[in-house]
Amino acid sequence: MTTTLFPSMLALQRAMPFTRLLDCGMDYADASALHARTSMGAPWDVTAEALADAQFERAARAADAGHLITAADAQAMGMADLLFAQMAFNADLPRKRSLYARLHEAACRFSDWSDKGIERVELPFAGAHLIGWLVRPTGRAVRGTVIVFGGQSGWGFAYWPIARALAARGLATLLAEGPGQGETRLEQRIFVDVDVAAAYRRFVDHVAADASLGRVGIWGNSVGGLWAASTAASDPRIAACCVNGALAAPTLLPFRTFVEQAAAMLGNDDSDAIAANFARMRFVPERDRIACPLLVLHGGEDPLIRLEDQQPFLDAAAPGDVTLKIWPDGEHTIYNHAAERTALVCDWFVERLTSVGAEPVRGSAIG
């Protein structure tokens, strides 16, 4: 029997391909089941939540038996399932908020089982709070801290695999949910109509106030790369900046999902208001100068971002330590080369955050 998929389901599968699911920590079996079951007509959010429930049950059984490594791994996979369950909805519907609240609850349990030090962060801003999770490597001194965040739909623990890779290298990670993202938006109601760079400077304040966390780097993915660059340009405490697949001059792209997500981030579905806010946030290299080392990542098969869309970030960089890395077949934010991408960027941050006073590495373009 052949099942005809609704356009909305096809859009979800395009927005969340296997490569993205795996990049954000979903188990391969769960990713296979999610696409297979939804191809047969099952609802995306219900299917992903059921997969999460199975992982959480497995985690609890492992914890009861004293197998905390297994428990933490299963819990993280369940959290990835929930992360993608809530992506079925672009607007802040009760169902989306409920799924994200479950993700927060799962993260609290995960922090009890993980061998990493995981702390919830709540920072006052704009009459509410910015939310994040600080992940420290355990049993060793922290060599530096990287603030990591996403764009319009992937936030917080979407970057747990990156935090794990940074921890293996002795770096801490602040998984930031900035304006328009995650719990900061869904519960605290902070949208991108605020000074976004000022909001991310609050995350920098938190890291800089703790001498044990070392120097500060910032890594923005998708639209978040714009805010990483803007923050680096406005805050001299940023010692290294990575921009991964971002628009320097954001605009409403001709995709329904992008438009709906942009409206949710702003808390306003008026297209003129969205366009005006994008114009306000535009990165201008003549004004926004980046003094710290800069790494820009680009995928040649990215359907959203062209290389010229990222050129202003490179134009704004100080001469010296500037690197452009291109994957000719790379998808958006390099989902399909996740292991190589993550290792490259993590090693790059290690070199920049732990080499105080060292000679700068000369700029390069990597094909």
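## Helices α7 and α14

A crossing of two helices is called right-handed if the near helix is turned clockwise from the far one by less than a right angle, and left-handed if anticlockwise. In this predicted model, α7 passes α14 in a right-handed crossing. The residues that make this contact are I162, A165 and L166 on the α7 side and R341, T342 and C346 on the α14 side. By class, four of the contact residues of α7 with α14 are nonpolar, one is polar and one is charged.

Two packed helices are described by the angle between their axes and the distance between the axes. Helix α7 covers residues 160-168 and helix α14 covers residues 338-353; their axes come within 10 Å and cross at roughly 45 degrees.

## Helices α5 and α6

Helix α5 (residues 68-86) and helix α6 (residues 94-113) have axes that come within 9 Å and cross at roughly 165 degrees. Angles over 145 degrees count as roughly antiparallel, and α5 and α6 are therefore roughly antiparallel to each other. The crossing in which α5 passes α6 is left-handed.

On α5, the contact is made by L68, A71, A72, Q75, A76, M79, L82, L83, A85 and Q86. On α6, K96, L99, Y100, R102, L103, A106, A107, R109, F110 and W113 take part. The contact of α5 with α6 divides into 15 nonpolar, two polar and three charged residues.

## Helices α3 and α4

The axes of α3 and α4 come within 10 Å, with a crossing angle of roughly 150 degrees. The two helices, α3 and α4, are therefore roughly antiparallel to each other. Their crossing, that of α3 and α4, is right-handed.

From α3, the residues in contact are D30, A33, L34, H35, R37 and T38. From α4, they are W44, T47, A48, L51 and Q55. Sorted by class, the contact of α3 with α4 holds five nonpolar, four polar and two charged residues.

## Buried helix residues

Helix α1 spans residues 7-15, and M9, A11, L12 and Q13 in this helix are buried.

Helix α10, at residues 224-234, is mostly covered, with nine of its eleven residues buried. Those buried residues of α10 are G224, G225, L226, W227, A228, A229, S230, T231 and A232.

In soluble globular proteins, nonpolar side chains tend to be buried together. The largest nonpolar core in this model has 67 residues, and of these F84, F157, W219 and F349 touch the most other members. Helix α5 gives the most to this core, with ten residues.

Leaving aside residues up to four places away in sequence, F157 touches C24, M79, A107, F110, I118, W133 and L175. Apart from the largest core lies another core, of 58 residues, which includes A176, A262, I305 and F313.

## Individual residues

Residue D112 has its place in helix α6. D112 has a relative accessible area of 57% and is therefore exposed. In sequence D112 and A60 are 52 residues apart, and in space they are 12 Å apart from C-alpha to C-alpha.

A126 is not a glycine, although its phi is positive, at about 55 degrees. A126 is found in the loop between β1 (117-125) and β2 (128-136). With a relative accessible area of 55%, A126 is exposed. R189 also has a positive phi, of about 60 degrees, although it is not a glycine. The place of R189 is in the loop between α8 (182-186) and α9 (196-208). R189 has a relative accessible area of 38%, so R189 is partly exposed.

Key: Residues are numbered from 1 along each chain as its sequence is written. This is a predicted model: local features need pLDDT of at least 70, side-chain atom pairs count only at pLDDT 80 or more; totals for chains, interfaces and linings use all residues. Side-chain values use heavy atoms; hydrogens and water are left out. Axes are lines fitted to C-alpha atoms, for helices over the stretch in contact, and angles run from 0 to 180 degrees between N-to-C directions. Helices (H or I, at least four residues) and strands (E, at least two) are DSSP runs, numbered from the N terminus. Contact means heavy atoms within 4.5 Å. Ala, Val, Leu, Ile, Met, Phe, Trp, Tyr, Cys and Pro count as nonpolar, Asp, Glu, Lys and Arg as charged, and the others, Gly among them, as polar. Buried means under 20% relative accessible area, exposed over 50%, partly exposed in between (1.4 Å probe, protein chains only). Angles under 35 degrees count as roughly parallel, over 145 as roughly antiparallel, 65 to 115 as roughly perpendicular and the rest as oblique. A nonpolar core is a set of buried Ala, Val, Leu, Ile, Met, Phe, Trp, Tyr and Cys residues joined through side-chain atoms within 4.5 Å.
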